[in-house]
Amino acid sequence: MSVSPRSVYHNLRLLEHVNAVTSALYRQLAQEILADPKVSLVWRQAIADRLNHANHLLEMKTVNANDSY
């Protein structure tokens with residue numbers, strides 16, 4: 001599936017507002033963009049930053065203070 005970096009970037013803002021399956025699809029598409037050397041470094045960095053931020057929010061929401069790794 002070929003999706004533009006712009007679409008992937010914007011979809012990452014929706015992760016908290018969509019169901020788990022859609023969220024997983026958006027994350028997978030982001031990973032595909034990050035692995036594509038034909039995508040500009042600017043887009044890959046922006047997507048990586050947004051995905052990192054979304055992952056951090058997910059971590060803060062799901063990890064209990066009493067959990068250990």
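**Overall fold**

The protein chain has 69 residues, and 23% of them count as buried. Its secondary structure consists of 3 helices and 0 strands. Read from the N terminus on, the order of elements is α-α-α. Helix α1 covers residues 5-11 and helix α3 covers residues 41-62, while helix α2 covers residues 20-34. Along the principal axes, the C-alpha atoms fill a box of roughly 45 × 25 × 15 Å.

**The nonpolar core**

In soluble globular proteins, nonpolar side chains tend to be buried together. In this model, the largest nonpolar core has 11 residues. Its members are Val 8, Leu 12, Leu 15, Tyr 26, Leu 29, Ala 30, Ile 33, Val 39, Ile 47, Leu 51 and Ala 54. Helices α2 and α3 each supply at least two residues of this core. The largest share, 4 residues, comes from α2.

Leu 29 is one of the core residues, and it lies in helix α2. Its relative accessible area is 8%, which is under the 20% limit, so Leu 29 counts as buried. The C-alpha atom of Leu 29 is 9.5 Å from that of Asn 11, and the two residues are 18 positions apart along the chain.

**Two other residues of helix α2**

Ala 24 is found in helix α2, and with a relative accessibility of 43% it counts as partly exposed. Val 21 also lies in helix α2. At 66% relative accessibility, Val 21 is above the 50% limit and therefore counts as exposed.

| Pair | Separation in sequence | C-alpha to C-alpha distance |
|---|---|---|
| Leu 29 and Asn 11 | 18 residues | 9.5 Å |
| Ala 24 and Asn 55 | 31 residues | 12 Å |
| Val 21 and His 53 | 32 residues | 19 Å |

How many aromatic pairs does a search of the whole structure find? The search finds 1. The pair is formed by Tyr 9 and Trp 43, with ring centres 5.8 Å apart and 65 degrees between the planes. An angle over 60 degrees counts as edge-to-face, so this pair is edge-to-face. Tyr 9 lies in helix α1 and Trp 43 in helix α3, so the pair ties together parts that are 34 residues apart in sequence.

**The largest pocket**

The largest pocket holds about 310 Å³ of space. It is lined by 14 residues, and the closest to its centre are Leu 12, Leu 15, Glu 16, Ala 54 and Leu 57. Leu 12, Leu 15 and Ala 54 are also among the residues of the largest nonpolar core.

Which helix gives the most to the lining of the largest pocket? Helix α3 does, with 6 residues. Helices α2 and α3 each supply at least two residues of the lining. By class, the lining has 7 nonpolar, 2 polar and 5 charged residues.

**Summary**

The predicted model has 3 helices and 0 strands.

Definitions and conventions. Residues are numbered from 1 along each chain as its sequence is written. This is a predicted model: local features need pLDDT of at least 70, side-chain atom pairs count only at pLDDT 80 or more; totals for chains, interfaces and linings use all residues. Side-chain values use heavy atoms; hydrogens and water are left out. Rings of Phe, Tyr and Trp (its six-membered ring) pair if their centres lie within 6.5 Å; planes under 30 degrees apart count as stacked, over 60 as edge-to-face and the rest as tilted. On a 1 Å grid over the protein atoms alone, a cavity is a set of points where a 1.4 Å probe fits but cannot get out, and a pocket is an open set with protein on both sides within 12 Å along at least five of seven lines; lining residues have an atom within 4 Å of a point. Grid points are joined across faces, edges and corners, and a volume is the space filled by probe spheres set on the points. Ala, Val, Leu, Ile, Met, Phe, Trp, Tyr, Cys and Pro count as nonpolar, Asp, Glu, Lys and Arg as charged, and the others, Gly among them, as polar. A nonpolar core is a set of buried Ala, Val, Leu, Ile, Met, Phe, Trp, Tyr and Cys residues joined through side-chain atoms within 4.5 Å. Buried means under 20% relative accessible area, exposed over 50%, partly exposed in between (1.4 Å probe, protein chains only).
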